[in-house]
Amino acid sequence: APRGTLDAVRSLVRVGGVPALFVGLSSTVAREVIQFMMYDPCYELLKQQTAEHAGDRAWLATPLIGAVAGAVQWLPPSYCVDVVKSRMQADTTGRYSSALDCARQTYAAGGARVFVRGLGPTLIRAVPLHAGVFSGYELTMAALR
């Protein structure tokens with residue numbers, strides 16, 4: 001097992017060359033694009049919708065809205081793309097020729113359910129994480145004004 005980041009990089013390069021460092025990159029980019037298309041707009045829309053009703057409880061609205069936005073970004077299809085990315089990155093046999101090939105093989109082996117396995121814990125983790133992210137963001141923006 002690698003003893004740290006540099007050791008892991010050396011091991012990957014030794015076994016698979018420099019390209020091994022980029023396995024799953026296309027799936028990672030696809031997941032990020034999908035997530036950010038949902039994440040920030042969801043937060044801003046909910047923020048606008050609650051601004052007039054929050055009043056003196058605006059401090060409570062921010063973490064709640066952030067929690068919702070953080071959970072929404074993980075809903076399918078982004079979580080499904082993340083499953084493909086993770087499988088490609090964990091594969092040590094070279095069985096997948098592309099992200100699409102990985103998705104096809106994954107579906108053939110486990111059906112549609114495999115693409116949402118683990119979604120519950122991911123959503124549970126996302127709620128406090130993104131409540132904190134957006135609270136920190138809003139506090140930082142207020143301090144910079």
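## Thr62 and its surroundings

Thr62 is in contact with Tyr43, Phe134, Ser135 and Glu138, when its neighbours within four places in sequence are left aside; contact means heavy atoms within 4.5 Å. The residue belongs to helix H3, which covers residues 58-72. Helices (H or I, at least four residues) and strands (E, at least two) are DSSP runs, numbered from the N terminus. With a relative accessible area of 17%, Thr62 is buried. Here buried means under 20% relative accessible area, exposed means over 50%, and partly exposed lies in between, for a 1.4 Å probe and protein chains only.

This is a predicted model, in which local features need pLDDT of at least 70 and side-chain atom pairs count only at pLDDT 80 or more, while totals for chains, interfaces and linings use all residues. Residues are numbered from 1 along each chain as its sequence is written, and side-chain values use heavy atoms, with hydrogens and water left out.

## Overall form of the chain

The chain holds 6 helices and 0 strands, in the order α-α-α-α-α-α along the sequence. Its radius of gyration is 19 Å, well over the 15 Å that the globule rule gives for 145 residues, so the chain is more spread out than a compact globule. The radius is taken over C-alpha atoms, and the rule is 2.2 Å times the number of residues to the power 0.38. Along the principal axes, the C-alpha atoms fill a box of roughly 55 × 35 × 20 Å.

Of the 145 residues, 30% count as buried. Among contacts in the chain with a separation of 6 or more, 69% join residues 24 or more positions apart.

## Surface and charge

The chain carries 14 positive and 10 negative side chains, with the centres of the two sets 10 Å apart. Lys and Arg count as positive and Asp and Glu as negative, whereas His and the chain ends are not counted. The place of a charge is taken as NZ of Lys, CZ of Arg, CG of Asp or CD of Glu.

## The nonpolar cores

The largest nonpolar core has 12 residues: Trp74, Tyr79, Cys80, Val83, Val84, Met88, Tyr96, Cys102, Val114, Phe115, Leu119 and Ala126. Helix H4 (78-90) and helix H6 (119-144) are the elements that give two or more residues to this core, and H4 provides the largest share, 5 residues. A nonpolar core is a set of buried Ala, Val, Leu, Ile, Met, Phe, Trp, Tyr and Cys residues joined through side-chain atoms within 4.5 Å. Within this core, Val83 is in contact with Val114 and Phe115, leaving aside neighbours within four places in sequence. A second, separate core of 8 residues includes Ala61, Ile65, Ala69 and Phe134.

Leu119, a member of the largest core, lies in helix H6 and counts as buried at 13% relative accessibility. Not counting residues up to four places away in sequence, Leu119 touches Trp74, Pro76 and Tyr79. The C-alpha atoms of Leu119 and Arg57 are separated by 31 Å, and these residues are 62 apart along the chain.

Pro77 is placed in the loop between H3 and H4. The peptide bond from Pro76 to Pro77 is cis, with omega near 20 degrees. In general, most peptide bonds are trans.

Arg87 is placed in helix H4 and counts as partly exposed, at 32% relative accessibility. Residues up to four places away in sequence not counted, Arg87 touches Tyr96, Cys102, Thr106, Val114 and Arg117. Arg87 and Ala61 are 26 residues apart along the chain, and their C-alpha atoms are separated by 37 Å.

Leu12 is found in helix H1 and is partly exposed, with a relative accessible area of 41%. Its contacts include Gly17, Ala20 and Leu21, not counting residues up to four places away in sequence.

Gly24 has its place in the loop between helix H1 (5-16) and helix H2 (25-54). The residue is buried, with a relative accessible area of 5%. Gly24 touches Lys85, Met88 and Gln89, again not counting residues up to four places away in sequence. Gly24 and Thr140 are 116 residues apart in sequence and 33 Å apart in space, C-alpha to C-alpha.
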